[in-house]
Amino acid sequence: MTETTQPAETRLRQTLETALLNPIRAFRLRYLPLLMVYFAYGALGIITIAETFWIKSALTMTPAELAALSVWLTLPWTIKMVFGELVDAVPIMGSQRKVYVLIGGTLVAAGLITLAGAAGGWLTFAEPQNLYRLGSFLSVVGVVLQDVAADAMSTEVVDREYPDGTPRDPKDVNRDLGMVQVLGRLALSFGMVAVAGIAGLLASTFSYETVFLLGLVIPLISVSGALLIDITPTETRPVDWRILGGGIAFGAAVVAVATTGLPFGQEIVFVFSMAVVCAMLWRIVRDLDARTQETILYAAIIIFIFRATPLVGQGYTWFTIDVLGFDEAFQGTLNQIGAVLALAGTWLFSDAITKRPVTVVLFWLTIVGTVLSLPSLALTLGISEWTQATFGFGARTIAVIDTAASSPFMQLSMIPLLTLIAIYAPATRRATWFALMSSLMNLALVASALQTKYVNTLLVVDRGAYENLPLLLGLVMTIGLVAPLAAILVFGRKLNAQQQQTAAQVPHAQTQKAS
């Protein structure tokens, strides 16, 4: 071994050690309650495969209708400001965090019981499709409430001062805030890993009703974290009725539009939601300096567009079931592979991701995501028949390889955003701040669901009718590539310039404070 190669090998070894050990070194026992909430969120995937096969076999909803439903189910995430204001300003029995985790767990359990009753036929006060809608809605609201409490804790568990009261270096604080977000993503991935394979086994062994009832163990996990671990009391403040009242009025308007069947109701709600969330965000960020406001603006636009691209919808999943013969057990195997490798990717790349600009991270995630979608497109074109005849492997092998290649990148896109949100969270409005920024990003998912509905309406795919699926998938891939790259090209330089100026001013500000 030469002297010139030794330093390079040493640096490589140190980089790998850092990537492997940083999440372990970053963990603190006080992080456990919020990590258990995130873990439970990921572990809700235990019912996913049973739910997919139950919908396909027992319900009559089309992929376009399911995409439309997903718009409504995403909307509770867009009114997180209501839950955030409650968590920040309305203690219940003296608790601002624990009690909300308990209420959220109760709602998730109620949703699972509703799904079980619909699948088992012992809840008959509504049609199975409507029971599915109700159960899904209850679960979503419960998860959102728990998530808001955990988000608030994720900004509070990091010490801003040393035990003697001396302020910590802002870079160290920001680094810890970023690693808490990484640990949250890892906990979510651990939850997915823990149940991915079991989900397929349960769906292929037990009735769908039984699987939904077995899922009741999941809310117990998040509730246990709140009960067993002491959560440090937080500073209270008066209720901001402009945010809470506005959020409640917004939620009432959404319910009214959803129940009356107003034409273009989802689009109206989306535009109204954007206006409300942006107005409430401005109310909070107007106290920040102009440079910070611009940094948040440019980052939010890029990440919004990245997350707003459409998905294929349920048609592709049904294609793999009907045409490729992917049963519950194999779907569980794919989920297990994907969850394990997503966890590994988040773990190994987390240190690098927290050090890279948002634009760089999303640029490469966009390119890689598009390339790794090509095997799915090839499967819809029948390439598995050619590979089986030529090389001796078919659709299942291609699906495994595709899942293994793409999964490590699934959880990475949120880390830069969550880090920025945590860094700029105001001291007395952390839950509301996190909720509003999350609401904005979740509105991107509403835009994604709307576009998914549109492309599924344009290129119709249904049970046994998959002729349009290759065109649908190709269209989705094209939008998913072009839109984020255009946003990065237009806003990326501005964002990088703002971040560099902010970073350059930190040492100067610290010098002035010291003098």
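**Helix packing and charge pairs**

Reply: T52, F53 and K56 in α3 meet Q314, T317, W318, I321 and D322 in α14. Contact here means heavy atoms within 4.5 Å. Helices (H or I, at least four residues) and strands (E, at least two) are DSSP runs, numbered from the N terminus. This is a predicted model: local features need pLDDT of at least 70, side-chain atom pairs count only at pLDDT 80 or more, and totals for chains, interfaces and linings use all residues. Residues are numbered from 1 along each chain as its sequence is written, and side-chain values use heavy atoms, with hydrogens and water left out.

Me: What is the orientation of α3 to α14?

Reply: The two axes come within 11 Å and cross at roughly 85°. Axes are lines fitted to C-alpha atoms, for helices over the stretch in contact, with angles from 0 to 180 degrees between N-to-C directions. Angles under 35 degrees count as roughly parallel, over 145 as roughly antiparallel, 65 to 115 as roughly perpendicular and the rest as oblique. So α3 and α14 are roughly perpendicular.

Me: Which residue forms a salt bridge with K56?

Reply: A salt bridge is a side-chain nitrogen of Lys or Arg within 4 Å of a carboxyl oxygen of Asp or Glu. Here the N to O distance is 2.9 Å. The pair links distant parts of the chain, helix α3 (residues 48-58) and helix α14 (residues 314-322), 266 residues apart. The partner of K56 is D322.

Me: Is K56 buried or exposed?

Reply: Buried means under 20% relative accessible area, exposed over 50%, and partly exposed in between (1.4 Å probe, protein chains only). D322 has 38%, so D322 is partly exposed. K56 has 18%, so K56 is buried.

Me: Which residue pairs with K453 in a salt bridge?

Reply: The closest N and O atoms are 3.4 Å apart. The bridge joins distant parts of the chain: K453 sits in helix α21 (residues 430-458), its partner in helix α12 (residues 265-285), 186 residues apart. Both side chains' residues, K453 and E267, are buried. The partner of K453 is E267.

Me: How many salt bridges does the count come to?

Reply: Side chains of opposite charge can pair when their charged atoms come close. Another bridge joins R463 and D462, with the closest N and O atoms 3.5 Å apart. R463 is partly exposed at 28%, and D462 is partly exposed at 24%. The count comes to three.

**Single residues**

Me: Which residues does Q331 touch, leaving out those up to four places away in sequence?

Reply: Q331 lies in helix α15 (residues 328-355). Its relative accessibility is 12%, so Q331 counts as buried. Q331 touches I49, F53, T317, T320, I321 and F326.

Me: What is the C-alpha to C-alpha distance between I398 and P375?

Reply: I398 is in helix α19 (residues 395-406) and, at 11% relative accessibility, is buried. Beyond its neighbours within four places, I398 is in contact with P375, L379, I383, S384, T387 and F393. I398 and P375 are 23 residues apart in sequence. In space, the distance is 7.0 Å.

Me: Is A152 buried or exposed?

Reply: A152 lies in helix α7 (residues 128-156). Its C-alpha atom is 9.0 Å from that of L34, 118 residues away along the chain. At 0% relative accessibility, A152 is buried.

Me: What is the phi of F264?

Reply: F264 lies in the loop between α11 (241-260) and α12. At 64% relative accessibility, F264 is exposed. F264 is not a glycine, yet its phi is positive, at about 55°.

**Whole chain**

Me: How many helices does the protein chain have?

Reply: Buried residues make up 51% of the 515 residues. Among contacts between residues at least 6 apart in sequence, 85% join residues at least 24 apart. The chain has zero strands. The helix count is 22.
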